[in-house]
Amino acid sequence: MQFSDFGLDNSLMSTVEHLGFSAPTQIQQQAIPAAMAGHDLIASSKTGSGKTLAFILPAIQRLTKNRALSKRDPRVVILTPTRELAKQVFSQLRLFTANTQFKAVLILGGENFNDQVKVLEKEPEFIVATPGRLADHLKQGHFYLNGLELLILDEADRMLDLGFSKELTQINNAADHRKRQTLLFSATLDHAQVNDFAKELLKKPKRVAIESAHTEHEDITKRFFLADNLSQKEVLLQHFLTTETSRQIIIFTATRSDTDRLAKLLTEQELNAVALSGELNQSQRNQIMDSFAKGQHKILVTTDLASRGLDLINVSHVINFDMPKHTEEFVHRIGRTGRAGTKGDAISLVGPNDWLSFKNVEAFLQQKISFAKVDGIKVKFKGLKPKKEKVVKAKVTVVKDNKAVSNKPRKVIKKTFLDIEDAGAMKIIKRKKLTPDQIEDSTKKEQD
Ligand code: AMP
């Protein structure tokens, strides 16, 4: 399939050609025609797959072809979970609106409120925003959404995880009319809150699931290393920084204080590192991201603040100094490398405190992960054993259609036991602990 097959406006096609994109990516192939046909959309696609254009192109196309519902209200609102991602979406949008008469503005938390009021008074057609600040302006009547034609939620799962559901509902309600189209993008579609939200916001949506967050990213080599403690992690880090052939590197830590401490440590070792943490104000954050993007720093040390969306083509390595607390962040973190067909390396350090997160990542990726070793670095930590599952004997009454259909004593593992209670279909009457022999015995009897 070619971009020319979509029937896009000439101005959009010339920008696509100018950027040198020869063919649409998979998400673009599926999402663009569905969105251009006016359908609501719920789409998942792995990080770095070109999803920004998958919504920007149909959005501009729609505005080019349709008359505005209102002359004053914004016609397209794009919401993203983080300021960094919003800036990135905005810069792609600007590339494509440059040849049009449409105005696009960026409304972010942490920036001057009154300046934003002035910007909104210019009645832009496009707003790219983080939800909290946009909802504030909406509440104060600085703009209205009666004429909104397209609401785009980028990384909806992350927005909901960050607790923006109230603001999203508020924005949705302000633009609740028949002609509105909604496009929802999420890293994963197995997210209960996203699905509930989609039911509320979308009308008969088309589902586009290209590759889920679980899918192996072919261009990224993942390596995992065990570490006894923090100082051993630092030794390992030092080893990678001095032995790997790398372009730029992003190091993820668990906390802001670790970010600063580690960046300082690396700077003392005359490595060109900079820390990006949420404690900085927005202009400091912008400055750091800009200088990193321009290649003025080799290493960026950060928290999950920078794990989403950022498109930095020169990042060859991602190092998880600590494993992420939220499992799906793993995929986003490592997705900062291996962008747009380049190769990337993801190195993860797993100490005792990371073990649970590591096991969750392993389950999430649906693969058995083995650990690599570094010659000359002796690690004692071998991982933690799972807690022994408690086996109990319970008399279980199985209830179906409000009738007891069985009342046999059974062997149940504690976890299963809880599931049974949770399922609600079965009622536990009595339980007592069994010795291993009794368990084996009762299992045999059941099998007989
Ligand atoms: P995204 O997933 O939207 O962050 O895009 C990831 C990167 O892929 C960005 O650098 C885009 O400019 C680039 N990109 C988007 N669409 C295409 C395409 N059709 N062909 C090649 N690169 C693309």
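Strand β6 is covered on both faces: Q181, L183 and F185 on one side are all buried, and so are T182, L184 and S186 on the other. Here a residue is buried if 20 or more other C-beta atoms lie within 10 Å of its own, exposed if 12 or fewer, and partly exposed in between, with C-beta atoms placed from the backbone. Helices (H or I, at least four residues) and strands (E, at least two) are DSSP runs, numbered from the N terminus.

This is a predicted model, in which local features need pLDDT of at least 70 and side-chain atom pairs count only at pLDDT 80 or more, while totals for chains, interfaces and linings use all residues. Residues are numbered from 1 along each chain as its sequence is written.

**The chain as a whole**

- The secondary structure comes to 16 helices and 17 strands.
- Of the 448 residues in the chain, 40% are buried.
- Among contacts with a separation of 6 or more, 76% are between residues 24 or more positions apart. Two residues are in contact if their C-beta atoms, placed from the backbone, lie within 7 Å.

**The seven-stranded sheet around β6**

- Seven strands form an open sheet with parallel pairing, in the order β3-β4-β2-β5-β6-β1-β7. Two strands pair if DSSP finds at least two bridges between them.
- The edge strands are β3 (104-107) and β7 (206-209), each of which pairs on one side only.
- From one strand to the next, the twist averages 15°. Axes are lines fitted to C-alpha atoms, for helices over the stretch in contact, and angles run from 0 to 180 degrees between N-to-C directions.
- Strand β6 spans residues 181-186, and six of its six residues are buried.
- On one side, β1 (residues 41-44) runs parallel to β6 and is joined to it by four bridges; A43 has F185 as its bridge partner in β6.
- Strand β5 also runs parallel to β6 and is joined to it by four bridges, with L184 of β6 as the bridge partner of L153.
- Strand β2 (residues 76-79) is joined to β5 (residues 150-153) by four bridges, and these strands run parallel. V76 stands opposite L150 in β5.

**The six-stranded sheet**

- Another open sheet has six strands in the order β8-β13-β12-β9-β11-β10, with parallel pairing.
- Its edges are β8 (220-226) and β10 (273-276); each has a single partner strand, so one side of each is left without a neighbour in the sheet.
- The twist here averages 20° from one strand to the next.
- Four bridges pair β9 (residues 248-252) with β11 (residues 299-302) in the parallel sense, and I250 stands opposite L300 in β11.
- Helix α12 (residues 282-293) lies across β10 and β11 and runs at about 145° to β10.

**Nonpolar cores**

- In soluble globular proteins, nonpolar side chains tend to be buried together.
- A nonpolar core is a set of buried Ala, Val, Leu, Ile, Met, Phe, Trp, Tyr and Cys residues joined through C-beta atoms within 7 Å.
- The largest nonpolar core has 65 residues, and V77, V128, A129, I152 and L184 have the most contacts inside it.
- Helix α3 (residues 51-65) gives the most to this core, with eight residues.
- Apart from this core lies another of 39 residues, among them I249, I299, V331 and I334.
- Not counting residues up to four places away in sequence, V128 touches I78, A86, V89, F90, L93, A104 and L106.

**A pair of packed helices**

- Helices α2 (residues 26-36) and α3 pack at an angle of about 25°, with their axes 9 Å apart.
- That makes α2 roughly parallel to α3, since angles under 35 degrees count as roughly parallel.
- The contact involves residues including I27, A31 and A35 of α2 and L53, A54 and L57 of α3.

**Two loop residues with positive phi**

- E123, a residue other than glycine, has a positive phi near 55°. E123 sits in the loop between α5 (113-121) and β4 (126-129) and is partly exposed, with 14 other C-beta atoms within 10 Å.
- E270, also not a glycine, has a positive phi near 60°. E270 is in the loop between α11 (256-268) and β10 and is exposed, with 7 other C-beta atoms within 10 Å.

Notes
Angles under 35 degrees count as roughly parallel, over 145 as roughly antiparallel, 65 to 115 as roughly perpendicular and the rest as oblique.
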